[in-house]
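Subject: Structure handover

Hello,

Here is the structure I promised to pass on. Please open it alongside this note.

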Amino acid sequence: MSTPVIPRLHVTTRALADPGTLFGFADRTNPLMWMRDGAGIVGSGVALRLSTAGEDRITDLATQWQQIADTARVRDEVGLPGTGLVAFGTIAFSAVSSAESVLIVPRVIVGRSGEHAWITRVSLEGEPTVDADLLPARTPLGQSLTADLAEDPADAERHRDLVRTALARIQRGDVAKIVLARTVTGQLQADGDRRRLAADLAAAYPQCWTYAVDGMIGASPETLISVRDGSLSLRVLAGTAARGHGATEDRAAAETLIESRKDRDEHAFAVRSALAALAPHAAGLHGQDSPFTLRLPNLWHLATDISGRISDRASVLDLIQALHPTAAVGGTPTLAAIDLINELEPFDRGRYAGPTGWVDAHGNGDWAIALRGAQVDPDGHITAYAGGGIVAGSDPESEFRETGMKFRPIRDALS
Ligand SMILES: C=C(O[C@H]1C=CC=C(C(=O)O)[C@@H]1O)C(=O)O
């Protein structure tokens with residue numbers, strides 16, 4: 001279902017005096033946001049929505065985006081990442097998902113990065129243009145949202161059973177690693193201000209990417225890929241431990257994690273899958289020999305940062321096509337793990353564990369893996385997702401508890 005006609009966009013970016021916090025510039029019911037540490041972009045309105053699904057969803061969006069970028073008339077007086085023509089995106093995890101994969105170009109983007117702030121206005125060719133300097137009205141955020149994300153009592157046992165089945169399949173040699181997830185659902189106030197959920201996540205998890213695109217809202221610690229003028233970087237995460245109570249216990253938790261053979265194996269699969277996927281597109285790929293422990297408010301992760309130069313002019317969307325799904329959210333070998341996920345998980349992942357982020361006209365962009373988040377439907381129905389990597393040595397009860405820790409960002413923001 002590709003968008004057949006490629007319209008021509010007129011895009012103007014101008015510098016702004018400090019606009020203050022950005023959340024108020026987004027739409028209440030369908031916010032577009034990408035924020036970390038107070039910097040980022042928020043969008044409102046929709047100038048263009050590209051939508052697709054299926055096996056070729058990422059290349060399909062990449063091809064359409066290239067055509068949009070080639071024909072757009074862009075006046076960018078700021079020239080920073082996130083200025084000029086930009087689309088927000090959220091992409092389904094699976095080729096067989098019924099969820100749409102979309103790129104959305106807003107009517108207005110307000111952004112800030114360090115000392116700089118800007119506004120971008122987008123119109124379709126033939127439409128009257130709006131004065132690019134004009135800031136849209138900022139509306140105050142509504143009250144914090146609440147939802148009872150009910151735990152189905154049968155769910156814990158079902159998840160432990162799935163992990164046991166996965167362990168048997170690992171033992172049999174079908175896969176070496178598989179990531180299994182579960183869901184919790186609830187109902188938000190239908191007319192509630194969805195920006196509030198994103199703002200509360202950003203306040204609690206400032207070091208994560210807070211994303212909100214087409215109802216998919218969360219705060220992800222995992223950078224799938226960032227591209228800037230021929231350079232790439234990413235942060236691979238896999239391997240998790242609970243935070244300890246008090247400084248000594250907390251440090252001990254991190255040390256146990258970094259020494260855990262099972263977690264290091266789980267992490268190594270994810271790093272290897274990312275390096276192998278990037279190798280045809282990159283030179284000088286560089287990562288630490290050994291992972292480091294990343295502290296988040298809700299847990300510890302094993303993390304590896306990787307950087308390199310793009311050797312073949314690949315855009316951020318081309319690199320997403322090469323990377324997705326990494327073994328941090330799929331498994332190893334990839335295809336066998338995806339088949340097993342489709343066989344075992346009793347739900348459609350939708351955009352959970354898929355790529356989410358933004359792309360500009362030059363193929364630059366920042367994309368996270370859509371983790372620690374939820375899909376909010378137009379009627380307020382909310383589905384939150386959390387999973388974990390299963391390798392030989394994984395324990396079903398610990399895996400269930402780990403998913404509980406990963407629900408915390410969304411649960412806390414809605415409590
Ligand atoms: C699959 C998820 O996390 C991934 C990212 C970091 C650590 C993970 C783990 O330790 O299992 C997972 O690979 C999730 O948050 O739903």
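Below is what I found in it, from the whole chain down to single residues.

**Overall**

Please keep in mind that this is a predicted model. The protein chain holds 8 helices and 22 strands. Its radius of gyration is 21 Å, close to the 22 Å that the globule rule gives for 415 residues, so the chain is as compact as a globular protein of that length. The C-alpha trace spans about 65 × 50 × 45 Å along its principal axes. Of the 415 residues, 52% are buried.

**Helix 5 and helix 6**

Two packed helices are described by the angle between their axes and the distance between the axes. Start with helix 5 (residues 261–278) and helix 6 (residues 316–323). Their axes are 8 Å apart, and the packing angle is about 130°. Helix 5 is therefore oblique to helix 6, as the angle falls between 115 and 145 degrees. The crossing is right-handed. Helix 5 contributes Ala274, Ala277 and Leu278 to the contact, and helix 6 contributes Leu319, Ala322 and Leu323.

The buried residues are Val316, Leu317, Asp318, Leu319, Ile320, Gln321 and Leu323. Note that Asp318 is on that list. What do these buried residues pack against? Their partners are helix 1 (57–71), helix 5, strand 13 (223–228), strand 14 (231–242), strand 19 (355–360) and strand 20 (365–369).

**Helix 2 and helix 8**

The next pair is helix 2 (residues 153–172) and helix 8 (residues 396–413). Their axes come within 9 Å and cross at roughly 125°. These two helices are therefore oblique to each other. Their crossing is right-handed. On the helix 2 side, the contact uses Ala156, His159, Arg160, Val163 and Arg164. On the helix 8 side, it uses Pro396, Glu397, Glu399, Phe400 and Thr403. The contact residues divide into 4 nonpolar, 2 polar and 4 charged.

**Backbone exceptions**

Most residues other than glycine have a negative phi, and most peptide bonds are trans.

- His324 and Pro325 are joined by a cis peptide bond, with omega about -5°. Pro325 lies in the loop between helix 6 and strand 18 (331–332).
- The peptide bond from Thr332 to Pro333 is also cis, with omega near -10°. Pro333 sits in the loop between strand 18 and helix 7 (334–344).
- Asp37 is not a glycine, yet its phi is positive, about 50°. Its place is the loop between strand 2 (32–36) and strand 3 (39–44). Asp37 has 11 other C-beta atoms within 10 Å, so it is exposed.
- Asp229 also has a positive phi, near 45°. It lies in the loop between strand 13 and strand 14. With 9 C-beta neighbours inside 10 Å, Asp229 counts as exposed.

**Two single residues**

Gly389 is found in strand 22 (residues 381–391). Is Gly389 buried or exposed? It is buried, because 30 other C-beta atoms lie within 10 Å and the cut-off is 20 or more. Gly389 touches Lys177, Val179, Ala238 and Glu266, leaving aside residues up to four places away in sequence. Ala238 is 151 residues away along the chain, but the C-alpha atoms of Gly389 and Ala238 are separated by 7.3 Å.

Glu255 is in helix 4 (residues 247–259). It has 13 C-beta neighbours inside 10 Å, so it counts as partly exposed. Glu255 and Leu197 are 58 residues apart along the chain, and their C-alpha atoms are separated by 33 Å.

Over to you.

Best wishes

Note on methods. Residues are numbered from 1 along each chain as its sequence is written. This is a predicted model: local features need pLDDT of at least 70, side-chain atom pairs count only at pLDDT 80 or more; totals for chains, interfaces and linings use all residues. Helices (H or I, at least four residues) and strands (E, at least two) are DSSP runs, numbered from the N terminus. A residue is buried if 20 or more other C-beta atoms lie within 10 Å of its own, exposed if 12 or fewer, and partly exposed in between; C-beta atoms are placed from the backbone. Axes are lines fitted to C-alpha atoms, for helices over the stretch in contact, and angles run from 0 to 180 degrees between N-to-C directions. Angles under 35 degrees count as roughly parallel, over 145 as roughly antiparallel, 65 to 115 as roughly perpendicular and the rest as oblique. A crossing is left-handed if the near helix is turned anticlockwise from the far one by less than a right angle, and right-handed if clockwise. Two residues are in contact if their C-beta atoms, placed from the backbone, lie within 7 Å. The radius of gyration is taken over C-alpha atoms; the globule rule is 2.2 Å times the number of residues to the power 0.38. Ala, Val, Leu, Ile, Met, Phe, Trp, Tyr, Cys and Pro count as nonpolar, Asp, Glu, Lys and Arg as charged, and the others, Gly among them, as polar.
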